[in-house]
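User: I have a structure open and would like to learn how to read its features one by one. Could you walk me through it?

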Amino acid sequence: GVASEAEILDLRVFGQGYGASTSSILTALETSISRKVDVVNMSLGSTVRSVVLESAVDQVANEGIVVCVAAGNDGRHASINSPSSARGAICVAATDSNGKVASFSSKGPCSWHPWPKPDCAGFGVDVMSASDSGGNCVMSGTSMATPGIAGVVACLLEHQKENDEAGALVEWLLRNAGEPHGQTHEQVGIGFISLEGLDSYVGGA
């Protein structure tokens, strides 16, 4: 993974069926606050707005925790999912290995908020992942791109651990220091995020 030495707090929100309940997601977010985590990955979302989940994400972000949330896999203009649409969320689009937006990646703008989304993009096409049936598999989606960005956040926070303003710096980088490769904000936000691309900003992250 991107941050192979990071400590992971694995909180299950999906049941035996396809979806995750609002209550289980809220419980996980509350636990994230109480356990004082540094970054939250949310590889989930819905085309239906959830005011409750957006408010919860903003609450977590207000605690100084970086919240990375998948933009969605609808591919259309103005199809950003909730709760990645929350103002405090880092809404992550998906690209291929060359930083070009994936056809399935949900595009901005957000249908119910005025602020721009997505915020940035990460590698999300043909990603090696753990399989729920054991072993590994190859998957694509913004849910694959989002944990990659969360890993970048973990590396940056470790690199900046002596900096009292590390959280604010990481937020700024995710919203300002991407590589758009000629693509629009509605496609990839500020652009493709990678440790290599951020090196000039933080020096050897």
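This is a predicted model: local features need pLDDT of at least 70, side-chain atom pairs count only at pLDDT 80 or more; totals for chains, interfaces and linings use all residues.

User: Let me begin with a strand pair. Which residue of β2 is the bridge partner of asparagine 41?

Analyst: Strands of a sheet pair through backbone hydrogen bonds, either parallel or antiparallel. Here the partner of asparagine 41 is cysteine 68 in β2. β1 and β2 (residues 66-70) run parallel and are joined by four bridges.

User: How many strands form the open sheet, and in what order?

Analyst: Four strands form it, in the order β1-β2-β3-β4, with parallel pairing. β1 (39-42) and β4 (120-123) stand at the edges. Each of these two has a single partner strand, so one side of each is left without a neighbour in the sheet. From one strand to the next, the twist averages 35 degrees.

User: What about β5 and β6: is their pairing parallel or antiparallel?

Analyst: Antiparallel: β5 (residues 127-130) and β6 (residues 136-139) pair over four bridges. To find your way along them, look for methionine 128, whose bridge partner in β6 is valine 138.

User: Now the helices. How do I read the packing of α1 and α2?

Analyst: Two packed helices are described by the angle between their axes and the distance between the axes. For α1 (residues 22-34) and α2 (residues 51-62), the angle is about 5 degrees and the axes are 10 Å apart. Angles under 35 degrees count as roughly parallel, and α1 and α2 are therefore roughly parallel to each other. On the α1 side, the contact is made by Thr22, Ile25, Leu26, Leu29 and Ile33. On the α2 side, Val52, Leu53, Ala56, Val57, Gln59 and Val60 take part. By class, that contact has nine nonpolar, two polar and no charged residues.

User: Which residues have the most contacts inside the largest nonpolar core?

Analyst: Those are Cys68 and Leu174, in a core of 24 residues. At least two residues of this core come from each of β2, β3, α3 (142-159), α4 (166-176) and α6 (195-202). The largest share, eight residues, is supplied by α3. Leucine 174 is in contact with Val66, Ile90, Asp119, Cys120, Ile149, Val153, Ile190 and Ile193, leaving aside its neighbours within four places in sequence. Apart from this core lies another, of 18 residues, including Val37, Val57, Ala61 and Ile65.

User: Back to the loop between β2 and β3. Is serine 85 in that loop buried or exposed?

Analyst: Buried means under 20% relative accessible area, and serine 85 is at 0%, so it is buried. Not counting residues up to four places away in sequence, serine 85 touches Glu54, Ile80, Cys110, Trp112, His113, Trp115 and Lys117.

User: And what is the relative accessible area of arginine 76?

Analyst: It is 48%, so arginine 76 counts as partly exposed. Arginine 76 also has its place in the loop between β2 and β3. With neighbours within four places in sequence left aside, arginine 76 is in contact with Ser106 and Lys107. Its C-alpha atom is 9.8 Å from that of glutamine 187, a residue 111 positions apart from it along the chain.

User: Last topic: the backbone. Where are the cis peptide bonds?

Analyst: Most residues other than glycine have a negative phi, and most peptide bonds are trans. A cis bond joins serine 82 and proline 83, with omega about 15 degrees. Proline 83 lies in the loop between β2 and β3. Another cis bond joins lysine 117 and proline 118, with omega about 0 degrees, and proline 118 sits in the loop between β3 and β4.

User: What is phi in aspartate 126, and what is it in histidine 181?

Analyst: Aspartate 126 has a positive phi near 55 degrees, though it is not a glycine. You will find aspartate 126 in the loop between β4 and β5, and at 55% relative accessibility it counts as exposed. Histidine 181, also not a glycine, has a positive phi of about 50 degrees. Histidine 181 lies in the loop between α4 and α5 (185-188) and is partly exposed, at 37% relative accessible area.

Conventions: Residues are numbered from 1 along each chain as its sequence is written. Side-chain values use heavy atoms; hydrogens and water are left out. Axes are lines fitted to C-alpha atoms, for helices over the stretch in contact, and angles run from 0 to 180 degrees between N-to-C directions. Angles under 35 degrees count as roughly parallel, over 145 as roughly antiparallel, 65 to 115 as roughly perpendicular and the rest as oblique. Contact means heavy atoms within 4.5 Å. Ala, Val, Leu, Ile, Met, Phe, Trp, Tyr, Cys and Pro count as nonpolar, Asp, Glu, Lys and Arg as charged, and the others, Gly among them, as polar. Two strands pair if DSSP finds at least two bridges between them. Buried means under 20% relative accessible area, exposed over 50%, partly exposed in between (1.4 Å probe, protein chains only). A nonpolar core is a set of buried Ala, Val, Leu, Ile, Met, Phe, Trp, Tyr and Cys residues joined through side-chain atoms within 4.5 Å.
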